[in-house]
Amino acid sequence: MRTSTLGSYQSGLSLMQRMQAAIDHTQKQVSTGRRLLTPSDDPLGATRALELRESLAGLAQFDRNATMAQNRLSHEESALASVNNVLQRVRELALQANNATQSNETRAQIAVEMREHLDQLVQIANQTDGNGRYLFAGGKLDAAPVAKVGGSYTYSGDQGQRLVEIGDGRFVADGDSGDAVFFRVRTGNGTVQALPDGANTGSGVIGAVGTADMAAWVPDRYTVEFLDDTNYEVRDSGGALVTSGAHASGEELGFLGVRFELSGSVAAGDRFVVEASPNQDVFSTIDKLASAIEMSVIDDTSGAVQTNGINAGLRDIDQAIGRILDVRTQVGSRLAAIESQVDNNSNQSLIATELLADIEDLDYAEALSRLSQQISTLEAAQQSFVAARQLSLFDYL
Amino acid sequence: MPSVMNTSLTGMLAFQRALAVTSHNIANANTPGYSRQVVDFSARPGTGVGSGYIGGGVQISSVRRMYDDLLGENLQTATTGQARFSTLNDLASRLDALLADPDTGLSSSLQSFFGAVQDVASDPASIPARQALLGEASSVAERFQSLDGQLDDIGKEVNAGVRGAVGDINRLASSIAEVNQRIAVAGGLDRAPVDLQDERDRLVRELSGKVGVTTALQDDGTLSVFIGSGQTLVIGNNAQELAVQQSEFDPTIVNVVYKGSAGTASMDRSLTGGELGAYLEFRDSLLDPARRSLGQTATAFASQFNAQHESGMNLSGALGEAFFDVATPAVNGSANNTGTGSVVASVGDLGGLTGDDYVLTYDGSDYALTNFSTGAAVPMTGSGTVGDPFIADGLELVVSGAPAAGDKVRIVSTAEAAGSVRSRISDPTSVAIAAPTRATAALGNLGDAEISQSVVTDISDPALLSTAVIEFTSASTYTINGAGSFAYTDGDPITINGSEVTISGVPAVGDRFTIEANSGASGDNRNGLRLAGVQSVGVLAGGTVSIGESHSRLIAAVGSTTHQVKSNLAAQDALLTSAEDAVMSQSAVNLDEEAAKLIQYQQAYQAVAQVVAVANSLFDSLLYATRR
């Protein structure tokens, strides 16, 4: 084939330019460490890389959320542990006070300690998570949730529970409201409570309350009234007679599936109220318990009032301890769930990082050998270009 | 009888001219588009001398250029193709880099924005976290604006490119017409200087780089040039012009028109190949769709986030305001409108939004909608009033005023949205992270029924923030605010004042549940979680495509087109090189060849000069003989 002088210059030149462009590309790859310099180098890979980078950012965000939730739940857990200690100590004090060897004076000292614990408990309930957010206020973080107003304890938080996303579509609560932890605690055995009437003149003391047959129980307020020291009538809130019978001291008294122990001696006209358990906050429970312990015992009647008060308080404290245990169990399982989700997230991000590296990252060994090959090809092209251009017939004219 | 002197003189003249042609070739060895010229010698007929004929020397029968029309046409086609892909590649690569760059792209910005939303959701009472969210919000808005601005800039460059190319085409066309005239005046190809043909081929080749053309050589030696779908650009010494016209709807859009003898005609769709074709192709198939898609993402992002934000409650106990500003679809009236009609467009259904541009035409009695790009009719429902707007492709159009028959407006559904995104909120306490209502169970409840958190189902309910008390009058009936008697079914949703709650379990008589405004709930994050969910929830394309997906689809589309353009460019480069090589090997000068010819003609010239010397000595011999 005929070659033209201009054509061979141009093709030699364009070959060298193409080679230089290839070297430039490889050099950019080497200096950035990236295989893909622009998405058009590998559109599919680039889209995939974009998705992977998004999912990595998402996983990092979940981890941040998880750390936040973990921090709050750890604070909550430690607060709940303190609450449990306080309640156990209060329970011990109540048992101590419920001993016949105690005098009015020693009981008064016990009550003083108990009130100290009550103050401490209020303090714990108003604790923050270290960032100034109340742990037990639900969503209302602007004020301390628990306060004593006019002799009773009020909760100014709400019943909300904040959920935090720790994995794709996986939410975990980062706390519990004070309403659930401290306030919404059933009295008695959790279903039914039995209390003596304040005007009783006998020394009847209520023991353990049991619900033997819940199916028979119809929630209402029932009054057990003794007609004399043995015979009694049970009437519902409407005054209708439910049942009647005779009772000997120390025996159990039962109706509609509910049974309770009644000891001591009752007097005619003494009343005992059996009803569905209302909610009572743990602070009031301790307050009432302390009041019962404080009262001075002068006779059997007042002794019975005190014993009934302490017994009821002990039952309510047990309910509260049970509640705290439940909440602690939940907090523990949330913490465990977070931990396993964080592990899961880090596995996922490891996989995503590897995939991303496969798509984007440069194989340096391959790239460097390609670079040196391209450079030597260019050198050879340059040398041969110069050599070929030196041949000219005009040199011999 | 031919004399030796005369015969040798013809040789001297011929070789002198041949040497001149060779030196012309050598001088033009580096002239692009130059075709080497060759001299054809032929013997002059002799004169009879009775016993036969004696030749009369040599003559130059022609000076030809070495040029193959077929190879020339190949080169022309390859030039058109290469120029098209080279221009496309430059433009598409810029778009590609702009959209996908991790630093300038939208994805990273959206990601950090939603990260900030999550941070606020995990710690709603934190003012610094809210402040950070506002910072991210304005950077997302700025990113949308800056991307839109850069697309705008590329659009302006495309317009300038179109104007430049049209100017070049007109200049080249008139130059070709001029060469045609010079050839015609000289009396056709055989009489005209061959360099004129080279000049014309060079012009046609340059023109092919600007736009795809076809050519036809006429009998009189002139070349006719056609563009588009066969419109005449040059015929004989007459050149037609292309012109750039502003769109009737929007002066920033330019269209190429053909100024023929029968008036102007739009050429946008028929011009292909070359720089001009590439500019138009880039604008129609990459740039405009990218702006629409970006705008669609912006509209979906801002509207969806706004809607969710407006369904929340801020720290001051008020319902959330719109978080972002985003423009409604733009309506551009035609410059030719004579009536006084006006059209207001808004987005009705994000899922139905296509991002396309439309033209609404009034024919004197009815309105008709067509797609601006394809011209296809788009069916509308409704009557165009405020109460019953025209609805088509997710848009709602309200018409008013008195349009004249034939009046048109263009509706740009999303292409201008991205540039209009602004963050509206500057006060961190105005970020609505809490739900507007909360449900609570009274502490004195004796039953074991529980109430779920409230979910707002109708944010526009006027009584949304009023307090409603559900009180059970029996285990299966309840009153609302002391009125009515409603049957209770365990676990069934109850909707009051636009909030929905679920009560489950067995309530006792007198149990009360309250739904009320969620004021003071600085720690509530229910709306915050929903705001974070806006990132992944499907909104576009009938609710199947999320905001992030919408943007990554754009990046993928631009990336794969750019990739395609790149590989086409490589192929076209190779085609062009081979077409150039073919033409050059046929037509371009080889200096060694010319050197050889130089020697050849020089020797021939020396030889005929020697013949003159012989003739001279013959003559001398004769003189010498007759002197005696």
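This short talk covers the domains of chain A, its contact with chain B, and a few local features of chain B.

The model is predicted, so local features need pLDDT of at least 70 and side-chain atom pairs count only at pLDDT 80 or more, while totals for chains, interfaces and linings use all residues. Residues are numbered from 1 along each chain as its sequence is written, and chains are lettered from A and ligands numbered from 1 in the order in which they are written.

I start with chain A. It is divided into domain 1, residues 23-187 + 279-360, and domain 2, residues 189-277; the bounds come from an automatic or database domain assignment. Their C-alpha centres lie 39 Å apart. Domain 1 and domain 2 of chain A each put 12 residues into the contact between them, where contact means that C-beta atoms, placed from the backbone, lie within 7 Å. On the domain 1 side there are 2 nonpolar, 7 polar and 3 charged residues. Here Ala, Val, Leu, Ile, Met, Phe, Trp, Tyr, Cys and Pro count as nonpolar, Asp, Glu, Lys and Arg as charged, and the others, Gly among them, as polar.

Next, the interface between the chains. Chain B brings 51 residues into contact with 47 residues of chain A. Several elements of chain B supply at least two residues each, including α2 (69-100), β22 (437-441) and α10 (591-627). Helices (H or I, at least four residues) and strands (E, at least two) are DSSP runs, numbered from the N terminus. Which element of chain B gives the most to this side? That is α9(B), with 13 residues. The chain B side divides into 20 nonpolar, 23 polar and 8 charged residues.

Now strand β6 of chain B, residues 223-227.

β6(B) runs antiparallel to β5(B), residues 213-217, with 5 bridges; strands pair if DSSP finds at least two bridges between them. B:Leu217 is the bridge partner of B:Leu223. The hairpin has 5 residues between the strands, and B:Gly221 in the turn has a positive phi of about 90 degrees.

With β7(B), residues 231-235, β6(B) pairs antiparallel over 3 bridges. B:Val225 stands opposite B:Val234.

Terms used:
Two residues are in contact if their C-beta atoms, placed from the backbone, lie within 7 Å.
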